[in-house]
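Colleague: I'd like to go through this one with you, slowly please. I'll keep asking how you know things.

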Amino acid sequence: MASQIVSDRFDYLVTASGLPPVRLHDLRHCVATYLRHGGADMKEIQEVLGHSTIGLTSDTYTSVILELRRPNADAAANLIPRRAG
């Protein structure tokens, strides 16, 4: 019952503020995304979110921010030999 009161209040505040629709649970995803983008590793994010396994955290949040994958893709591409221009 108390959780429903919190959710209802959150929904009211979102609507009253003119924000786009967002669920209270979505804030967890925001936290994980911002932490990852800020450089936190998966273990830190797992602990903040209270996930029981790092696999759950990793499966859910590894691919959230595409820019985080760019350096790895570039590093792999740089391993491919090329002829001098």
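Modeller: Let's start with burial: of the 85 residues of the protein, 16% count as buried. Buried means under 20% relative accessible area, exposed means over 50%, and partly exposed is in between (1.4 Å probe, protein chains only). This is a predicted model, where local features need pLDDT of at least 70, side-chain atom pairs count only at pLDDT 80 or more, and totals for chains, interfaces and linings use all residues. Residues are numbered from 1 along each chain as its sequence is written, and side-chain values use heavy atoms, with hydrogens and water left out.

Colleague: What makes Gln-46 buried or exposed?

Modeller: Its relative accessible area is 7%. The cut-off for buried is under 20%, so Gln-46 is buried.

Colleague: Which residues is Gln-46 in contact with, leaving aside its neighbours within four places in sequence?

Modeller: His-51, Ser-52, Thr-53, Ile-54 and Thr-57. Contact means heavy atoms within 4.5 Å.

Colleague: Why is the pair of Gln-46 and Lys-43 called a polar contact?

Modeller: Their side chains meet at 3.2 Å. A polar contact is a pair of N or O atoms within 3.5 Å; within protein, one must be able to donate a hydrogen and the other to accept it, and residues adjacent in sequence count only if both atoms are side-chain atoms.

Colleague: What span is expected for α2, and what does it reach?

Modeller: Helix α2 covers residues 26–37, 12 residues in all, and reaches 17 Å from its first C-alpha to its last, close to the expected 16 Å. The expected span is 1.5 Å times one less than the number of residues.

Colleague: How do you know that the buried residues of α2 line one face?

Modeller: Asp-26, Ala-32 and Thr-33 are the buried ones in α2. Seen down the helix axis, they fall within an arc of 120°, so they line one face. The arc is that of the directions from the axis to the C-beta atoms. They pack against α3 (42–49) and α4 (54–61).

Colleague: And how does the protein's radius of gyration sit against a compact globule?

Modeller: A compact globule of 85 residues would have one near 12 Å, but the protein has 19 Å. The radius is taken over C-alpha atoms, and the globule rule is 2.2 Å times the number of residues to the power 0.38.

Methods. Helix = DSSP H or I, 4+ residues; strand = E, 2+ residues; numbered from the N terminus.
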